[in-house]
Amino acid sequence: MQTRFTTEQLADRDIAASEPILRKCVHCGFCTATCPTYVLLGDELDGPRGRIYLIKDMLENSRPATREVVRHLDRCLSCLACMTTCPSGVHYQHLIDHARGYIERTYRRPWRERVLRALLAKVLPYPRRLRIAVAAAAALHGAARRLPALAERLERRAPASWRAMARLAAYDAPPRAAPESRAGAVSRSRGRVALLAGCAQSVLTPRTEAACVRLIERAGFETVVIDGCCGALVHHLGRATETRTFAAALLERIAAERRRGGLSAVIVDASGCGTHLKDFGHLFRDDPELAESARELSGLTRDITEWLDELERAQPSPATEASDRASAPHGVTVAYHSACSMQHGQRLDPIPRRLLERAGFEVREIPDGHLCCGSAGTYNILQPQLAAELRERKLANIRGTGARLVATGNVGCIVQLAGAGIPVVHTAELLDWSAGGPAPM
Ligand code: SF4
Ligand code: SF4
């Protein structure tokens with residue numbers, strides 16, 4: 001695609017990064033067929049090619065974002081299915097990230113949207129605040145059960161986004177237990193790794209962290225749990241300053257642990273966060289102080305399944321031997337839902353399936369598995385109708401597999417698909433179960 005940026009415009013670091021991406025697009029449109037919003041809405045401007053045109057036009061003309069541009073770009077899930085499909089290697093992720101930041105700088109959203117987005121940015125990345133919000137939602141649901149007529153009236157009047165937020169906040173999170181090792185008497189002499197506790201995940205699905213600690217320690221490694229948000233959630237909201245602040249603080253915490261005792265890997269068990277961490281090199285590309293440590297962190301980052309798989313290929317560990325012997329999950333049918341950040345963001349698609357099969361599960365394919373479930377960070381709150389349609393499609397396809405449970409590698413998908421009568425668990429919980437950990441359901 002031809003571009004017409006001036007030398008002055010190209011002096012801007014973000015324009016300079018986006019220009020070669022735009023030039024790679026050859027308008028072929030292959031990406032539209034795999035774009036969930038194009039599949040739902042059938043509008044060229046709600047597909048990747050149309051969005052690329054909108055971004056190009058906005059940036060080339062240095063035009064503030066318009067209401068129409070914002071509508072189409074806000075509908076993008078950042079699922080990155082288009083990147084997997086694109087034969088020309090267009091890095092749509094960096095383009096849409098740039099556009100989201102540009103929108104935040106040049107467009108004044110209606111007040112309701114501003115309030116909602118600010119609320120999400122000020123609550124979700126902070127575990128203590130999120131825990132209070134979840135407790136408040138649980139109390140409200142309790143009250144609603146006692147006063148159903150009033151609750152129904154209020155629900156009818158509440159905007160769809162607020163209803164979606166209430167539904168997600170009422171997710172039945174299990175209480176958080178200290179992620180102490182239950183691996184038994186194992187040696188931890190093989191090295192030291194960091195496990196990212198994350199923000200929303202540590203509140204909503206704390207069992208994931210405990211399962212990961214057991215898997216890591218069974219494999220003979222010492223685990224250091226690193227608290228704090230990586231900034232992925234605010235990044236998707238286009239909030240550039242907060243994104244850098246969260247990311248820089250995390251870089252510092254990890255650097256401190258590396259100085260203290262060395263780390264052979266930084267393990268992430270929420271694939272949305274993993275995708276973001278692996279992109280830190282790009283985020284800090286022009287930062288003279290942080291560029292190098294950001295690149296190093298991106299290189300050290302592994303999804304928990306990716307790390308286990310690498311370990312097993314290098315040298316069969318006690319954990320894999322244990323899983324070979326385990327009988328608890330033998331033949332249990334699992335529909336594996338590959339989170340977008342896992343299959344499109346990190347391209348790790350076959351690994352979790354392989355590990356689950358080796359652990360004794362019968363893995364079933366979900367039809368249209370490349371399409372997002374509608375979670376996508378805060379998308380299910382900001383675009384509740386589209387997210388609900390995607391959820392229903394995904395659940396129908398899951399039910400069609402006849403599997404007993406669903407496994408996935410991202411907290412957002414677990415919460416999005418919960419409550420439909422089929423247990424949704426993290427892949428790590430199943431691998432831990434097969435190796436002697438507690439049954440996850
Ligand atoms: S990231 Fe997903 S929703 Fe956005 S344009 Fe690409 S395929 Fe469509
Ligand atoms: S598939 Fe790639 S090159 Fe083709 S239109 Fe989509 S982004 Fe452009």
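Student: Which helix gives the most to the shell around ligand 2?
Tutor: H4, with three residues. The helix numbers count DSSP runs from the N terminus (H or I, at least four residues; strands are E, at least two).

Student: Is this predicted or experimental, and how is everything numbered?
Tutor: It's a predicted model, where local features need pLDDT of at least 70 and side-chain atom pairs count only at pLDDT 80 or more, while totals for chains, interfaces and linings use all residues. Residues are numbered from 1 along each chain as its sequence is written, and chains are lettered from A and ligands numbered from 1 in the order in which they are written.

Student: OK, back to ligand 2. How many residues surround ligand 2, and which are the closest?
Tutor: There are 15 around ligand 2, and the closest are Cys25, Cys28, Cys31, Cys86 and Val90. To be in the shell, a residue needs its C-beta atom, placed from the backbone, within 6 Å of the ligand. The elements giving two or more residues to that shell are H4 and H6.

Student: What classes of residue are in that shell?
Tutor: Ten nonpolar, four polar and one charged. Nonpolar here means Ala, Val, Leu, Ile, Met, Phe, Trp, Tyr, Cys and Pro, charged means Asp, Glu, Lys and Arg, and the others, Gly among them, are polar.

Student: And what's around ligand 1?
Tutor: 13 residues, with Cys35, Pro48, Cys76, Cys79 and Cys82 the closest. Two or more residues each come from H3 (36-41), H4 (48-60) and H6 (81-85). By class, the ligand 1 shell has ten nonpolar, two polar and one charged residues.

Student: Switching topic: what are the domains?
Tutor: The assignment, which is automatic or from a database, gives domain 1 (7-106), domain 2 (117-169), domain 3 (191-305) and domain 4 (322-434).

Student: How many residues of domain 2 and domain 3 are in contact?
Tutor: Ten residues of domain 2 are in contact with eleven of domain 3, where contact means C-beta atoms, placed from the backbone, within 7 Å. The C-alpha centres of domain 2 and domain 3 are 29 Å apart.

Student: Which helix supplies the largest share of the domain 2 side?
Tutor: H9, with four residues. H8 (111-123) and H9 (127-146) each supply at least two. That side of domain 2 has eight nonpolar, no polar and two charged residues.

Student: Now helix packing. How do H2 and H7 pack?
Tutor: H2 (residues 13-24) and H7 (residues 92-106) pack at about 140°, with their axes 9 Å apart. Axes are lines fitted to C-alpha atoms, for helices over the stretch in contact, and angles run from 0 to 180 degrees between N-to-C directions. That angle makes H2 oblique to H7; the cut-offs are under 35 degrees for roughly parallel, over 145 for roughly antiparallel, 65 to 115 for roughly perpendicular, and oblique for the rest.

Student: Which residues meet there?
Tutor: Asp14, Ala17, Ser18 and Ile21 in H2 meet His94, Leu95 and His98 in H7. By class, three are nonpolar, three polar and one charged.

Student: What about H15 and H18?
Tutor: The axes of H15 (residues 240-261) and H18 (residues 291-300) come within 11 Å and cross at roughly 75°, so H15 and H18 are roughly perpendicular. Leu251, Ile254 and Ala255 in H15 meet Ser293, Ala294 and Leu297 in H18. The H15 contact with H18 has five nonpolar, one polar and no charged residues.

Methods. Contact = placed C-beta atoms within 7 Å.
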